[in-house]
Structure formats: C-alpha cells, structure tokens
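Q: I would like to learn how to read a structure like the one shown here, one feature after another. Could you take me through it slowly?

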2 protein chains.
Amino acid sequence: MAIGVGLLGLGTVGAGVAAILIEPQGRHPLVAELQLRRVAVRDPARSRSLALNPALLCSDPEAVVDDPSVEIVVEVMGGLEPARSLILRAIAAGKPVVTANKAVIARHGEEIAAAAAAKGVYVLLEAAVGGGIPIIEPLKQSLGANRILRVSGIINGTTNYILSRMADEGAAYGDVLADAQRLGYAEADPAADVEGHDAADKIAILTALAYGGSVAREAIATEGIDRLQARDVAYAARLGYVVKLLAVAQREGEGDPLPLDVRVHPTLLPKDHPLAGVHGVNNAILVEADPVGRVMFYGPGAGAGPTASAVVADILNIAGTRQVTGTTSGAPLDPLLAASSWRRCSLVDGSQTCHRNYVRLQTCDEAGVIGRIGTCFGSAGVSIQSIVQFEASLGDQEGEAEIVVITHEVQEARFRQALAAIAALAEVRTIAACLRTL
Amino acid sequence: MAIGVGLLGLGTVGAGVAAILIEPQGRHPLVAELQLRRVAVRDPARSRSLALNPALLCSDPEAVVDDPSVEIVVEVMGGLEPARSLILRAIAAGKPVVTANKAVIARHGEEIAAAAAAKGVYVLLEAAVGGGIPIIEPLKQSLGANRILRVSGIINGTTNYILSRMADEGAAYGDVLADAQRLGYAEADPAADVEGHDAADKIAILTALAYGGSVAREAIATEGIDRLQARDVAYAARLGYVVKLLAVAQREGEGDPLPLDVRVHPTLLPKDHPLAGVHGVNNAILVEADPVGRVMFYGPGAGAGPTASAVVADILNIAGTRQVTGTTSGAPLDPLLAASSWRRCSLVDGSQTCHRNYVRLQTCDEAGVIGRIGTCFGSAGVSIQSIVQFEASLGDQEGEAEIVVITHEVQEARFRQALAAIAALAEVRTIAACLRTL
C-alpha cells in the first residue's frame with residue numbers, strides 16, 4: 001500500500017529526506033511504502049550528487065502540491081512565503097503536511113492548525129525544533145498525563161557552538177562567530193541565530209504543545225548572545241557556571257488564560273545542571289512536569305541527517321495512521337497526534353516574574369564600594385548570594401575595579417529598582433553586564 | 001466519549017495511575033475521558049490514602065478483565081503470573097492492554113504480541129523501561145527512518161544509586177546496599193537489580209523495538225554489580241572513568257538474522273561520555289543511529305509519579321486511536337504503535353565481539369612484572385592503552401603490587417587468551433577484577 005510523497009525543496013534537509021526514501025533497506029518496513037513522487041527545486045537542470053530520477057524534479061512547487069499522485073506534502077524549503085501558502089494549499093487539497101519550518105509554524109501556526117483541523121489532515125513538525133531529537137512527538141504523545149511546569153532548552157546549535165568555544169578558548173564573540181561562519185556552523189547573515197529569534201520561534205512552538213495553547217510570538221522577550229563578552233563567560237566559569245542561550249517557557253501559577261513566562265536569553269547555569277553539559281551544535285530540552293519530574297531529550301540540533309530523520313518520522317506517522325483509516329484526509333484525527341490547542345495561554349508581565357541575576361559593575365577602586373552596592377540591593381529588598389571583586393584585567397582602566405554580584409531569586413521590578421540606584425552611585429562607572437542565572 | 005479503564009494492582013504505580021485519572025484538571029483534555037471503572041487489589045477492605053470510590057475495588061483480577069464496562073486493561077501488578085494470563089485474557093476479550101511489567105514482556109513478549117496482533121488490539125508498555133522517560137514511544141514512532149547501530153543505557157535505578165554513592169563516598173558495595181535497602185532504594189531481596197536481571201529484561205525489550213526482532217532473553221550475557229569492589233571504582237576515577245551498570249544492544253554487521261551483541265555489565269565510561277553524568281536513581285538511554293547520530297533520553301527511572309506518567313501516556317494513546325476508529329479492538333492497527341517485529345535477530349558469539357577492557361592484577365612487587373604482563377598481552381595481539389601500578393593500599397599484603405591495565409579494543413577470545421597467559425605467570429597472584437570499558 002504505497003503512499004506518494006511530494007517534496008518542496010531539495011536543500012540540505014530535502015536531500016537528506018530523499019536519501020532515506022530512496023534507500024529504505026534496514027529501516028522500519030513502512031519506509032519502503034513511501035514513494036517519492038515529485039520534488040520541487042529551484043533549478044531542475046542543476047547536477048546533484050543524489051541518485052534521483054530527474055523526471056521527478058520540477059521548478060513549480062504548486063504543481064508538486066497539486067499532483068494527484070502526491071498524498072503527503074513535505075515542506076523543507078524554509079522561509080515564510082511561499083512556504084505558508086503552499087502548506088495552506090496542501091491542506092485545502094486534503095493533503096497532510098510535514099514541515100521542518102519553525103519560522104512559519106511559530107508565526108502562522110494557529111492559522112495552519114485551524115485549516116488542518118477543518119480539513120481533517122495532520123500537520124506534523126518534529127524537525128522544526130531540536131533537529132533529530134524526538135521532542136515534539138514525546139510532548140504530544142508521551143507527557144499528556146502531566147501538568148507541565150517548565151520547558152527549558154538549548155535549541156539553537158549555532159549559538160551553543162559559539163558559546164562552547166568562547167568557554168573553552170576564552171575567545172571573543174566576534175572572533176568565534178567569524179570562525180563559525182568560515183566552518184559553516186553560522187550563516188553569512190547570523191542575525192536570526194545570534195539575536196535569539198530562531199530560539200524564540202522554537203520555544204513558541206514548544207510552548208503551544210506543552211501547555212495546549214499558543215502565545216503571541218512577537219511578545220516573547222528575546223535577547224541573543226551578540227553582546228555577550230568573553231569576560232562574563234570567564235567570570236561565570238570562575239563562579240561555577242556556564243553561559244548558555246536558554247529558551248524557557250514556565251508556568252506562573254494557575255488561571256484562564258494560563259499565565260506563562262516565555263523568554264530567550266543568555267543564562268548562567270550551575271555546572272552540574274543537566275543542560276550545562278550540552279556542547280557544540282547539540283541541543284537539549286528539559287521538561288519539568290508533575291508527576292513525571294525532570295526528563296531531558298538530547299541530541300544533534302541540526303544537520304541533514306538528524307533533521308531528515310525527524311521529517312521521515314512524521315511521514316511515517318502519517319503513513320501509519322493511513323493504514324488504520326485507509327485515507328490521508330477526512331477521517332477523524334487522533335487528538336494526540338493532531339495536537340490542537342485546548343487551553344488559552346497568555347504571557348505575564350515580565351516585571352512581575354522572579355529570577356536570579358548576574359550583574360557585572362565597573363566601579364572606581366575605592367574602599368566602601370562593595371558596601372554601598374550591597375546597601376542599594378538591600379534597600380530594594382534584593383538578597384545577594386555572592387559579591388566578588390575581580391582583579392583588574394589587562395586593558396582595564398587604571399583605578400577601576402570590576403565587581404560581580406549574583407542575587408538570590410528576586411522580582412524583576414525590584415531588581416531593576418536596585419540597579420537604577422546602583423547606576424546613580426558616584427563610584428559606579430557602568431553596569432557592564434546583566435544576565436539571568438538559574 | 002468516555003473510555004473505561006480497569007486497573008490490575010493498586011501498589012505504588014497503580015495508586016499513581018489512579019491519582020492521575022481521578023484528578024484530570026490541567027492535564028491533556030483526553031485524560032478527562034478516561035474513567036476508572038474497576039480496580040483489582042489484594043485486600044479491598046484495607047484503608048487507603050487515595051480518594052477512590054470503594055465500590056470500584058474488588059479482589060478478583062479476572063472480574064476486572066471481564067467487566068464489560070472495562071475497555072482498556074492496565075496491568076501494574078508485576079510478576080510473571082498471574083500477570084501473563086491476565087494480559088492474554090484481556091487480549092482474548094478484544095481489550096487493549098497497558099503494562100508496566102518488564103519481566104513478563106521480556107519473557108513472553110512474542111506470545112503476547114502474537115495474540116494482540118491476531119485480535120487487533122494494542123499492548124503498550126512505555127513504563128516497562130526507563131520509568132517516566134519517553135523511550136518506547138520515541139523508538140517506535142520517532143526513529144523509524146534510522147538504521148539503529150547501538151542502544152546503550154543506564155536502565156536500573158537501584159544499581160545506579162549504589163554506584164553513584166560508591167563513587168562519591170568511596171564506600172563498599174555491601175555498605176551502600178544496606179543503606180539503600182534502609183532508605184527504600186533497594187528491595188529486601190535485591191538480586192533482580194544488583195545481579196543485572198532487571199536491566200537484562202529491559203534491554204531485551206529495547207532490542208526488540210530498536211531492531212524490529214527479539215532475541216532470547218535467557219541468552220543475554222548478564223553481569224551485575226554485586227562483586228564490584230570499591231577499589232575498582234576508585235582506580236577508574238583516577239584514570240578518568242566512572243563505573244556504570246550498562247545495558248547494551250549493538251548491531252554487529254548485516255545479515256539475516258541480524259547479528260546483535262546484547263549484554264549487561266558494569267562498564268567504565270569516560271567522564272565526558274553523555275551517560276557518565278547520570279546520577280542516583282536516574283536512568284538514561286543513548287541511541288546511536290544512522291542518519292540521526294546520537295540522541296539521549298534522560299529522566300527518573302522509577303517511582304510512582306514517573307511510572308504513572310508513562311502508563312497514562314499509553315492509555316491516552318489507545319484512547320486517541322479509539323477516537324479515530326471508534327473502537328478499541330478489531331480495527332486495523334497503526335504499525336508504528338503496534339510495533340510488531342519485522343526482522344529476525346540473533347545473538348552473536350560473545351567470544352568474537354570486540355571491546356576495551358579494564359583489568360586489575362595483584363602481583364608480587366618485583367622489577368620486570370609490568371614487562372612480562374605487557375609481553376603476554378602483546379603475544380596475544382592485545383594492544384594496551386595504559387598500564388599503571390597503584391601504590392599499595394592499607395590492608396594489602398606486604399610485597400604485593402596492584403597493576404591496572406586498560407586495553408585498546410580487542411576481540412574477546414584474544415583477550416581471554418592473554419589473561420590465561422598472565423594468570424600463569426609466577427609473579428601474578430590473581431586477576432582481581434576485569435571490567436568492560438567504553
């Protein structure tokens with residue numbers, strides 16, 4: 001009972017998917033049922049290393065979607081348009097969709113999900129978050145008994161690669177980025193990765209699955225690693241922390257809509273935290289929930305092979321349900337696999353949330369400075385875990401000192417109030433860095 | 001569209017399952033559709049902390065299975081019989097089964113799967129391996145595009161707790177075991193855990209899912225931690241390793257049947273290995289596959305909450321498919337969820353497999369001993385990574401030395417040949433320990 005697959009895009013991921021489909025031996029026997037029937041590429045005439053029948057290639061993605069022999073549409077072209085329109089076109093034609101496109105799902109997920117529900121087709125997206133790591137499927141199908149308390153993850157491989165090298169080599173952000181671009185670990189235009197937007201897209205998707213309702217993508221507080229200094233990575237290490245770009249979606253109590261704190265920012269993790277050992281381009285997602293406790297999913301966050309593994313898993317799941325119903329559209333959907341939203345969620349006011357913080361201050365090197373800084377925190381009700389003066393480094397100004405404070409958990413508004421008081425101190429030259437801490 | 005659940009057993013796991021079912025708020029909305037209709041317990045009159053309608057309780061598990069209002073049978077009583085018979089009875093009645101019983105699945109999995117396939121019902125077992133960690137479902141539904149190369153895991157929480165404390169405290173096995181029993185982390189009769197049988201049951205189950213075919217449970221080479229000495233844990237640490245009870249299922253080439261090396265034994269892991277950081281009662285399973293690479297699943301390996309999370313996930317999956325087909329039996333099964341075997345597998349001759357090894361020798365403290373040991377390894381073609389003489393410890397015999405050898409990867413038969421030659425050396429008093437090394 002073969003099932004026809006149409007592929008939109010034959011870049012890194014698309015080629016990885018095609019490579020699996022045309023060589024099914026040794027994989028789950030259902031892979032052999034998947035037939036690649038048509039592939040949309042920019043230039044069908046270009047020579048390719050993949051042993052693909054050239055008759056399958058065409059330059060018109062709509063023709064692939066409309067091809068009656070195509071029963072499942074696999075969108076691996078990326079970008080917002082025409083990806084969004086092609087996904088909606090496939091759904092309108094009653095064809096289930098598999099996509100690796102986090103940007104389109106993070107921004108148009110509700111529109112796409114509504115269209116899919118109306119037509120009775122699945123839209124699956126395992127590859128959109130965490131590359132090859134099974135995380136979407138487990139969130140949908142394995143953790144439904146739980147009340148999710150927090151999802152936190154390292155979900156951008158490029159920034160984790162840069163941060164790992166900054167930590168290992170003491171290198172500056174700009175130098176490592178340039179090297180990462182040379183090696184192909186970072187794009188020529190790295191903004192989406194290093195400014196945190198890619199991670200924000202992905203945590204938006206995980207939020208909707210974990211809590212059963214979506215939040216406004218553009219309202220997710222997002223800070224990247226592009227202003228992170230090597231000095232803060234080094235000081236963090238001396239205090240027992242590693243710096244990671246963390247994406248977090250955390251429940252803040254009960255209510256309808258369910259209040260959530262969703263954010264992306266560089267974060268100090270204690271060295272024995274499960275996410276602290278995630279190096280290089282790997283990703284990991286930690287789910288904390290009641291009653292399961294803490295479970296973590298770890299693996300390669302990008303790359304042709306891992307991402308293709310996730311895409312084909314989704315195709316297999318659709319093929320599996322087709323064996324049950326005999327059709328790829330119009331039959332009732334499995335509510336776990338379809339993952340429609342079932343609750344309203346909203347973002348809380350960030351100033352009311354509570355966090356631990358790392359602050360680096362440049363001050364004049366005078367007796368009593370630490371006392372006055374401590375007093376400012378104390379007056380605002382901010383409790384301090386440690387306050388350390390680091391030796392002046394090469395290149396620092398004569399007569400300057402560098403003071404690092406790690407606070408206990410404190411409400412953001414109070415913390416900002418303390419910072420304002422500290423900034424006004426005559427002895428404080430500048431608040432040089434401010435990072436969240438777990 | 002409520003769905004009736006019958007529970008066999010109300011011990012730790014059963015009570016955890018009931019607690020979720022009777023309080024569905026805040027979980028996936030499908031949980032609210034699950035109705036606990038009947039519960040088999042040893043003594044219905046016993047008082048329980050759980051707010052369960054006493055009319056649900058009965059002492060006859062067959063009556064629960066046979067109850068027409070029970071549509072899904074959840075077996076959480078453990079043990080081989082009557083669990084096996086009750087599972088088969090439920091299947092014969094056309095009722096899908098959820099079980100947390102690794103022993104019965106490891107030994108009677110094929111019989112149960114065949115009966116389930118014939119009747120068109122699912123038998124799901126997420127809780128049988130890794131407690132709350134989603135691993136069965138991801139292996140079945142998320143990694144089907146891959147050729148699995150190796151599955152290795154820390155899948156027994158009791159032994160990992162004991163090993164973690166031995167490493168942290170330098171304590172002796174017997175002392176930590178006694179303490180673990182006192183604290184409830186080890187059973188009064190700890191044999192199944194400490195001798196590796198529980199881990200062997202679980203790796204048998206993972207093997208069948210990962211490779212699509214089962215191997216003979218009783219033929220799995222199994223060595224526990226019950227003869228492990230504190231000294232070897234300490235020496236391993238000084239050489240950069242941690243000792244873990246590892247269960248491994250590894251592909252050894254191609255063929256029909258597919259040749260596999262499946263085994264359970266204490267193993268030295270390099271400290272930066274992803275499984276080396278798994279502490280206490282946590283479990284983790286590392287899957288290495290083509291093209292996904294290395295993915296790891298980590299979390300609590302036991303306990304009421306985590307195990308109940310996994311059990312209810314399975315119930316939800318069956319409820320989800322019921323929403324598609326309108327029935328819990330007789331409809332075509334999703335081949336991914338049903339996970340029937342699709343390939344023949346067989347165990348290879350262990351003497352032909354290749355491994356790295358750690359060997360501790362007690363020798364007389366004479367010049368030239370290391371040379372003669374090295375020569376024995378060399379003559380058998382065994383390449384050595386390191387050979388270290390440790391200082392005599394308190395309590396060692398006067399005039400004795402302790403020598404630790406770590407070999408490169410070597411065929412087991414050759415390695416044994418070298419060991420026999422070493423044992424015959426006049427200077428060697430005894431081969432005190434021999435452990436596999438990654």
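Q: In what order do the six strands of the open sheet in chain A lie, and what is the sense of the pairing?

A: In this predicted model, the order of the six strands across the open sheet of chain A is 3-2-1-4-5-6, and their pairing is parallel. Strand 3 (57-58) and strand 6 (123-124) of chain A are the edge strands, since each of them pairs on one side only.

Q: How many bridges pair strand 2 of chain A with strand 3 of chain A?

A: Two bridges join strand 2 (residues 34-40) of chain A to strand 3 of chain A in the parallel sense, and, to take one position, Val39(A) stands opposite Leu57(A) in strand 3 of chain A.

Q: Which strands pair between chain A and chain B, and do they run parallel or antiparallel?

A: Strand 12 (residues 293-300) of chain A and strand 12 of chain B run antiparallel and are joined by three bridges; Tyr298(A), for instance, has Met296(B) in strand 12 of chain B as its bridge partner.

Q: How many residues of chain B are in contact with chain A, and which element gives the largest share?

A: Counting residues whose C-beta atoms lie within 7 Å, 53 residues of chain B are in contact with 53 residues of chain A. Helix 11 of chain B gives the largest share of that side of chain B, 13 residues, and the residues of the side divide into 29 nonpolar, 18 polar and six charged.

Q: Which residues touch the most other members of the largest nonpolar core?

A: They are Val311(A) and Val311(B), in a core of 287 residues; among the residues that Val311(B) touches are Val13(B), Val74(B) and Ala127(B).

Key. Residues are numbered from 1 along each chain as its sequence is written. Chains are lettered from A and ligands numbered from 1 in the order in which they are written. This is a predicted model: local features need pLDDT of at least 70, side-chain atom pairs count only at pLDDT 80 or more; totals for chains, interfaces and linings use all residues. Two residues are in contact if their C-beta atoms, placed from the backbone, lie within 7 Å. Helices (H or I, at least four residues) and strands (E, at least two) are DSSP runs, numbered from the N terminus. Ala, Val, Leu, Ile, Met, Phe, Trp, Tyr, Cys and Pro count as nonpolar, Asp, Glu, Lys and Arg as charged, and the others, Gly among them, as polar. Two strands pair if DSSP finds at least two bridges between them. A nonpolar core is a set of buried Ala, Val, Leu, Ile, Met, Phe, Trp, Tyr and Cys residues joined through C-beta atoms within 7 Å. A residue is buried if 20 or more other C-beta atoms lie within 10 Å of its own, exposed if 12 or fewer, and partly exposed in between; C-beta atoms are placed from the backbone. Lists of a residue's contacts leave out its neighbours within four places in sequence.
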